[in-house]
Amino acid sequence: QDSGKLGPKNCGEHLEQAKNDFPVCKCGFDMLDAGFFNDCKKLEIQKGAKDFNLPVIRSNRKLVGNVNGGLHNLSPLVFNSAWKSQDAKQITGKFNYPVSSGIQRPKNDEDIAFMSILELGQLVKAKLITSEELTAIFLNRLKRYGPVLESVITITEELAYKQAKEADQLLAEGRYLGPLHGIPYGLKDIIAVPNYPTTWGSKSFKDQVLDVEAWVYKRLKSAGAVLVAKLVSGSLAYDDIWFGGRTRNPWNIEEFSTGSSAGPASCTSAGIVPFAIGSETVGSITYPASRCGVTALRPTFGAVGRTGVMSISESLDKLGPLCRSAADCAVVLDAIRGKDPDDLSSRDIMLGDPFSVDITKLTVGYLEDADKEVVDVLKSKGVNMVPFNPDYTVDSAQGIVSFTMDVDMLAHFDEWQRSNRDDEFEAQDQWPLELRRARVISAVDYIQAQRSRSKLIQEVKENFKVDAFIGDASDWEKVCVGNLVGMPIVVLPTGFKKIPNAPSDDTRRKTTITTGIYAPPDHDHVALALAVTYQSVTNHHKQRPPADNIGPNDSIPNPPISIVHARQLRGY
């Protein structure tokens, strides 16, 4: 080419000679579905890639590709999930939380551990219990049940007592910060807190301490909440396997929790924490919440800031609460929502008050897989319930998710792959396999996937003729579509059934039954209001799992390993 001997007119004449200098890798073009080029054009592309593309690639890697996690140098290509523009000046104030009168302190710690946030908040506000006492109860439960469920990475005991004492002092001075004042909680361990490990659940990063204060942690701290633990994230936020084991379902500890927000779901279910913050890119809140039988909110994309949080995909990642009830989810959302100045995708969203929604004015659809009890309860409360099908023609939602998530993840963990640290990943059929495949997804095909995503969003928007709809929360197609669109969902428990192949009739282990309430983006308050209404007349969400107290003639399968405490973790 440089000599002018290789060109469109005389390509064939010198093709064999050129092949010796630039061997044509036909398989590479086939992997990109680019076999339509003739050999002459392939040679031209090879040389151009060597002379132009590779220097640019290596320059960009040097600039931004040698630090893992996606915490810095965010992409300017920002996804906005809103279906219509909003005036930020119209943002509502705080929600009007219901107040339960006559709340008394239970006599035993077990009963206290399973109280709701609003109930615990009333005890603290009325000075029937101190934050320090409450913190001690949950720290004891973390140490008791964390090893059983393999659900806790780091107990932040010193910090917890410090924050609890501060909360008690503020209350003594007459300063009450709201319903989270003095309430303990846990964070998924992809959320950075200074002076404590942020392991991302991975043996590659188990000694990592980030001098970063995550935005969501700042918001909770300003609301007076008390951090008692960093809870299990599946390794690099993939599934429930982490460097210390595999997180278990408190309702049936023979099962694993599924989903990377494994620790938040398992710990909340078992009364180890009153609530926790998890994350979802595609399914990591909805799946473990469904398996462990907790109420959870995957909020509208952009509702909660993500600064200081390990990133998989900047256009898919979301943070949300896992709680005992929908009312608790609303309380936590109210504390953590809003614009994060360092997260380009975060927004101030004009949410209504979920406790003030007139549900009799709502039309709610139900899918074929909707839970009948939820449909019947909402109908009895005056909601207009209608059959519904979220009609769209795009048939590649699952493929769009894979391209988007995997390419974005690889950009954030480029150095990790190039240095072959993926060889030590806890499950080789997960990120290592997917990210190697992502290395050969072309930029053109990535952008085409985003254009297909845009088409999907438009079709879902045009056919969303209801205020919300009820359907299976863990159906993979719905999980993919919901996350691509950025719509919120409340996952709520609706019952229990016997476990398959039970070892005895006396076992206390159960399988949870759950459903999802989906709403359009920026309508989290609608989904929450419907969930609060359902839970006001049912008690599935108030049931307590057996954890390791599984009944006579049953035994704990495959005893798990011990917890790793912060001091030990730093010593590795």
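Contact here means that heavy atoms lie within 4.5 Å. The model is a predicted one, and by this criterion 24 residues of domain 1 are in contact with 32 residues of domain 2.

**Domains and their interface**

The domain assignment gives domain 1 as 8–72 + 394–455 and domain 2 as 109–390 + 464–543. The C-alpha centres of domain 1 and domain 2 are 37 Å apart. Between domain 1 and domain 2 an area of about 2,500 Å² is buried, and carbon and sulfur atoms give 63% of that area. Of the area that domain 1 buries against domain 2, 25% is supplied by Leu71, Glu426 and Arg453, which is more than any other three residues supply.

With regard to polar interactions, the count of salt bridges between domain 1 and domain 2 is zero, whereas 16 residue pairs are in polar contact across the interface of these domains. Helix H13 (397–412) and helix H15 (431–438) are the elements that give two or more residues to the side of domain 1 that touches domain 2. The most is given by H13, with nine residues. By residue class, this side of domain 1 holds eleven nonpolar, seven polar and six charged residues.

**Confidence**

The average pLDDT of the chain is 91, and 92% of the residues score at least 70.

Where pLDDT is low, the predicted coordinates should not be read in detail.

**Salt bridges**

Side chains of opposite charge can pair when their charged atoms come close. Over the whole structure, a search finds 32 salt bridges. One of the salt bridges joins arginine 141 and glutamate 110, whose closest N and O atoms are 2.8 Å apart. Because arginine 141 lies in helix H6 (residues 131–149) and glutamate 110 lies in helix H4 (residues 109–113), the pair ties together parts that are 31 residues apart in sequence.

Terms used. Residues are numbered from 1 along each chain as its sequence is written. This is a predicted model: local features need pLDDT of at least 70, side-chain atom pairs count only at pLDDT 80 or more; totals for chains, interfaces and linings use all residues. Side-chain values use heavy atoms; hydrogens and water are left out. Domain bounds come from an automatic or database domain assignment. Buried area is the accessible area (1.4 Å probe) that two parts lose on being put together, summed over both. A salt bridge is a side-chain nitrogen of Lys or Arg within 4 Å of a carboxyl oxygen of Asp or Glu. A polar contact is a pair of N or O atoms within 3.5 Å; within protein, one must be able to donate a hydrogen and the other to accept it, and residues adjacent in sequence count only if both atoms are side-chain atoms. Helices (H or I, at least four residues) and strands (E, at least two) are DSSP runs, numbered from the N terminus. Ala, Val, Leu, Ile, Met, Phe, Trp, Tyr, Cys and Pro count as nonpolar, Asp, Glu, Lys and Arg as charged, and the others, Gly among them, as polar. pLDDT is the predictor's confidence in each residue, from 0 to 100.
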